[in-house]
Amino acid sequence: YQQGRRVFKDVCPMVVNTISTHAQDLGLEVTELRKVWLHQANINMINFVIQKLFGRAVDESVAPVELHRFGNCSSSSAIIAFHTQRSDMQAGDQGVICSFGAGYSIGSVFVEQL
C-alpha cells in the first residue's frame, strides 16, 4: 500500500538531491542544462523538482511533459519523454534523464548532444 502524499514528500527532495549531486560530481551546473526529462508520474512532482532545481518554473521546452499523451508509463516514462522531446537539442546541449518511483528508487543519466 502506497501513501501518495508521503511518497511525494519523501521522494521529490531525494530526486532533487540526486540530480544536484550527480551534476556536481560531473562538474555541471543544473541551471545550465538545456533539458530535464523527468519521470512522468504526476505534474505536481515534476513542478516541485523543477522549481527546486532551477529556483523557478521553466516551460516545457526545458522540462518536457508527456503526461497528456501517454499518462504514467512507470519507469519508462522519462525515456519516452526523452525520445519524443529531444529534436531541438543542439551540439553541446546537455540534459538529464531521471526516473524515480514510489519504491524510493532513483536513477539519473546526463546526456550531451554531439
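The model is predicted, so local features need pLDDT of at least 70 and side-chain atom pairs count only at pLDDT 80 or more, while totals for chains, interfaces and linings use all residues. Residues are numbered from 1 along each chain as its sequence is written, and side-chain values use heavy atoms, with hydrogens and water left out.

Q: How much space lies in the largest pocket?
A: A pocket here is an open set of points on a 1 Å grid over the protein atoms alone, where a 1.4 Å probe fits, with protein on both sides within 12 Å along at least five of seven lines. Volume is the space filled by probe spheres set on those points, which are joined across faces, edges and corners. For the largest pocket that comes to about 270 Å³.

Q: Which helix gives the largest share of the lining of the largest pocket?
A: Lining residues have an atom within 4 Å of a point, and 15 of them line this pocket, with G4, V7, A41, N42 and M45 nearest its centre. Helices are DSSP runs (H or I, at least four residues; strands are E, at least two), numbered from the N terminus. Both α1 (4-25) and α2 (43-54) supply at least two lining residues. The largest share, four residues, comes from α1.

Q: Where do the buried residues of α2 sit as you look down its axis?
A: Buried means under 20% relative accessible area, with a 1.4 Å probe and protein chains only. In α2 that covers M45, I46, V49, I50, L53 and F54. Taking directions from the helix axis to the C-beta atoms, they fall within an arc of 135 degrees, so they line one face of the helix.

Q: What do the buried residues of α1 pack against?
A: The buried set in α1 is V7, F8, V11, C12, V15, V16, I19 and A23. Contact means heavy atoms within 4.5 Å. On that basis, the buried residues of α1 pack against β1, α2, β2 and β3 (106-112).

Q: Is S99 buried or exposed?
A: S99 is found in strand β2. Leaving aside residues up to four places away in sequence, S99 touches H39, S75, A78, S105, I106 and G107. Its relative accessibility is 19%, so S99 counts as buried.

Definitions and conventions: Buried < 20%, exposed > 50% of the residue type's maximum accessible area, 1.4 Å probe, protein only.
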